[in-house]
Amino acid sequence: MRRIRGIGAVAFVGIAAVALAGCQQGSANDSGGDGDVVTLQFQSLSDQPATQAAISEIVDAWNAEHDDVQVKIIQAGWDGTYDKLITQFSGGTAPDIIHFEASSIVSFAADGYLADLTDLIDPELKSDISDGIWESVTHDGQIVAYPSTLQSYMAFANADLLAEAGVEVPTGATMTWDQLQEIARATTTADHYGLGWGLGSPTATMMSLSMGFDGGYFDGEGDDVTIEVGDDELAVPERIHEMAYTDRSIDPTSLTQSGSDVLPSFYGGKVALTVQGSFQATNIAADAPEGLNWVALPPLEGSAGAIQAANPQTYSVNIDSEHVEESAEFLNFFMDGENLAKIAYADALIPSSGAARTQVAELAGDDAAWKQVLASGEGLEGPPFLKVSKYTEWKDTIATPAFQQYLANQIDRDQLAAQLSDGWTDVAG
């Protein structure tokens with residue numbers, strides 16, 4: 001069997017080397033004494049050296065071509081960004097261009113902090129991104145962000161352990177949950193579990209994968225929202241619970257861990273499969289021991305298809321910026337297919353536009369893992385919860401502890417449904 005290092009391991013090492021050698025953030029020139037030069041403050045959260053290098057290269061290219069509009073990168077991090085933005089917006093110090101994610105910008109859009117970009121987006125770019133992804137950054141009929149890169153949830157497998165169990169690596173366009181469950185059962189032995197799944201913070205995974213069963217949870221927008229927790233919404237947690245407590249094919253320890261915490265078990269052959277965010281393909285390529293024969297499996301398909309939630313990283317414009325149009329002009333350049341592909345490839349994420357996905361496919365070449373990453377992006381759609389103003393509060397205070405209790409076998413299916421529904425009633429007031 002051919003051994004696959006996957007996801008462009010050599011390419012990632014090369015990109016990282018370039019990043020360490022030449023990454024220079026904040027390359028834009030301040031306006032100084034020349035009042036004709038506009039300087040845009042661009043707050044970037046990208047924390048990988050390779051991605052920072054790609055963004056710096058794009059900004060440098062823009063600055064070289066636009067003497068009158070210069071972009072200055074303000075490097076920040078993901079931790080604490082939500083609270084920091086609240087302070088910045090309240091104090092009138094928010095940057096012109098804001099990097100974040102779709103699920104976290106809802107409240108800022110509702111409070112009127114984000115500019116309406118609907119008529120400023122390049123028409124060619126707009127048509128090259130699916131309506132489902134645009135829907136994820138649309139609030140009250142206004143597009144409030146450019147959707148850039150996305151992640152999916154994917155299964156990765158130790159092909160040698162599958163072969164030992166007499167299981168063939170799935171080769172179809174998609175993989176059903178029945179197939180995943182059968183593989184996990186077949187590869188569970190006295191020495192290792194079939195599946196390790198980091199679900200210490202389970203809500204995002206449950207909400208995303210439930211869309212494959214037409215499980216939307218919420219109906220409505222803003223504060224006018226109702227919740228339904230029925231068979232479709234509970235299909236994914238029930239499947240995982242069955243694998244954990246009936247099949248006993250999931251490592252129970254993994255259910256309390258993060259995805260990253262499970263990877264050492266995968267590397268060490270303690271689990272045959274692991275479900276991870278697609279971006280983890282970068283880490284597997286870089287960190288897996290030499291000789292680990294790992295493969296990325298086809299996208300998971302539920303009764304409604306291989307559909308998952310589109311929660312893209314986003315670039316918004318501060319509505320109080322004096323240069324909204326210039327900011328949008330820069331973002332049209334930034335989101336060009338070739339530019340977006342550089343960022344997506346460095347981060348092992350799925351670019352939102354068709355042009356960028358084509359570019360990434362060319363960069364990836366014959367890499368089988370990248371083919372599956374890109375294939376999983378075909379089913380990303382804007383989920384209902386992105387329209388819900390109090391979703392984050394419900395997720396943190398109600399959903400996460402309820403799912404954790406269910407996965408710990410402390411409550412049953414009906415109690416889970418009741419906690420999710422009644423909890424929403426309490427949060428919504």
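Which residues does Phe42 touch, not counting residues up to four places away in sequence? In this predicted model, local features need pLDDT of at least 70 and side-chain atom pairs count only at pLDDT 80 or more, whereas totals for chains, interfaces and linings use all residues. Residues are numbered from 1 along each chain as its sequence is written, and side-chain values use heavy atoms, with hydrogens and water left out.

With contact taken as heavy atoms within 4.5 Å, Phe42 touches Ile55, Val59, Val71, Lys72, Ile73, Ile74, Ile97, Tyr315, Phe330 and Phe334. Phe42 is also, together with Phe218, Ile240, Phe330 and Trp394, among the residues that touch the most other members of the largest nonpolar core, which holds 132 residues. Such a core is a set of buried Ala, Val, Leu, Ile, Met, Phe, Trp, Tyr and Cys residues joined through side-chain atoms within 4.5 Å, where buried means under 20% relative accessible area, exposed over 50% and partly exposed in between (1.4 Å probe, protein chains only).

Strands are DSSP runs of E with at least two residues, and helices are runs of H or I with at least four, numbered from the N terminus; two strands pair if DSSP finds at least two bridges between them. Five of the five residues of strand β17 (residues 313-317) are buried, so this strand is largely enclosed by the rest of the structure. Gln313, Tyr315 and Val317 point one way from β17, while Thr314 and Ser316 point the other way. Strand β3 (residues 97-101) runs antiparallel to β17 and is joined to it by five bridges, with Ser316 as the bridge partner of Ile98. Strand β6 (residues 146-147) is likewise antiparallel to β17, through two bridges, and Tyr146 stands opposite Tyr315.
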